[in-house]
Amino acid sequence: MSFGSINKSSLLNDQDHRVVKVAALQGSRLSLSHTRKTQFKVIGSILLLLVSIFLVAQNFTGTSIGEASRSRVAVDSENGKVFTIKIIEGERAPWRNPDTGERTLYPGEACYWTRDGKAKLEPTYVFVKSYVGINEKTYCPDCGKEVRSHNPLPPDELMAEAAEAKNK
Ligand SMILES: [Zn+2]
């Protein structure tokens with residue numbers, strides 16, 4: 001590498017900058033005709049952003065900042081009774097059953113199936129045996145389908161059908 005080649009490259013860079021500047025100026029002139037379209041796009045994305053902020057905020061209502069607890073649906077591993085309890089964020093199951101005082105509550109897995117193979121909007125909450133290390137399949141007491149950890153929802157069409165039926 002010689003001194004000359006360094007000089008050359010910096011000269012080239014200068015030229016590049018100038019070219020970029022000119023292109024930017026031309027670009028701004030061109031884009032004037034697109035301004036209206038761009039404005040609509042910008043307004044659209046701002047609206048979308050506001051809606052998503054609103055939805056996120058709505059998720060947190062009822063839980064003030066600093067109150068690090070949230071409600072959860074829990075099922076008693078012994079009798080299958082369903083509770084909505086407040087747990088401290090990060091507190092691991094089993095949680096205390098408010099009736100018995102025993103730590104027998106586990107996260108309830110939601111099953112949205114009906115016995116006749118349709119979907120329902122209010123799920124049945126099920127205690128999944130594998131949560132306590134029992135190596136056995138768990139079946140929903142309502143519809144008889146297998147219920148797993150992170151139990152999948154029925155297909156969208158069936159959920160939509162259930163929502164429609166409810167609105168009738
Ligand atoms: Zn079920």
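This is a predicted model: local features need pLDDT of at least 70, side-chain atom pairs count only at pLDDT 80 or more; totals for chains, interfaces and linings use all residues.

Biologist: What average pLDDT does the chain have?

Modeller: The chain averages 80, and 69% of the residues score at least 70. Over residues 4-11 the pLDDT stays under 50, and the model has zero contacts there beyond four places in sequence. Two residues are in contact if their C-beta atoms, placed from the backbone, lie within 7 Å. A further stretch, residues 62-66, is below 50 as well; beyond near neighbours in sequence, residues 62-66 have one contact in the model.

Biologist: How many helices and strands does the chain have, and in what order do the elements run?

Modeller: There are three helices and eight strands. From the N terminus on, the elements run α-α-β-β-β-β-β-β-β-β-α.

Biologist: Which strands pair in the open sheet, and in what order?

Modeller: Two strands pair if DSSP finds at least two bridges between them. The open sheet has four strands in the order E2-E1-E4-E3, with antiparallel pairing. E2 and E3 are the edge strands, each pairing on one side only. Between E3 and E4 the antiparallel pairing runs over two bridges, and Trp95 stands opposite Leu105 in E4.

Biologist: How many bridges join E5 and E6?

Modeller: E5 and E6 pair in the antiparallel sense over four bridges. Cys111 has Thr124 in E6 as its bridge partner, while Trp113 stands opposite Ala119 in E6. The hairpin of E5 and E6 has five residues between the strands, and in this hairpin Gly117 takes a positive phi near 80°.

Biologist: Is E5 mostly covered or in the open, and how is burial judged?

Modeller: A residue is buried if 20 or more other C-beta atoms lie within 10 Å of its own, exposed if 12 or fewer, and partly exposed in between, with C-beta atoms placed from the backbone. E5 is mostly covered, with four of its five residues buried. Over the chain of 168 residues, buried residues make up 12%.

Biologist: Which residues of the largest nonpolar core touch the most other members?

Modeller: A nonpolar core is a set of buried Ala, Val, Leu, Ile, Met, Phe, Trp, Tyr and Cys residues joined through C-beta atoms within 7 Å. The largest one has 14 residues, of which Val75, Cys111, Trp113, Val126, Cys140 and Val147 touch the most other members. Strand E1 (69-76), E5 and strand E6 (119-126) each supply at least two residues of this core. Leaving aside neighbours within four places in sequence, Val147 is in contact with residues including Cys111, Val126 and Cys140.

Biologist: Where is Gly108 found, and why does it count as buried?

Modeller: Gly108 is in the loop between strand E4 (103-107) and strand E5 (109-113). It counts as buried because 23 other C-beta atoms lie within 10 Å. Beyond four places in sequence, the contacts of Gly108 include Val73, Val82 and Tyr125. Gly108 and Tyr125 are 17 residues apart in sequence, yet their C-alpha atoms are 5.0 Å apart in space.

Biologist: Where does His150 lie, and why is it classed as exposed?

Modeller: His150 lies in the loop between strand E8 (146-147) and helix H3 (156-167). His150 counts as exposed because it has 6 C-beta neighbours inside 10 Å. Its phi is near 55°, a positive value in a residue other than glycine.

Biologist: How many residues of H3 are buried?

Modeller: Of the twelve residues of H3, zero are buried, so this helix lies largely in the open.

Biologist: Which residues does the cis peptide bond join?

Modeller: The cis bond joins Ala93 and Pro94, with omega about 0°. Pro94 lies in the loop between strand E2 (82-88) and strand E3 (95-96).

Key
Residues are numbered from 1 along each chain as its sequence is written. pLDDT is the predictor's confidence in each residue, from 0 to 100.
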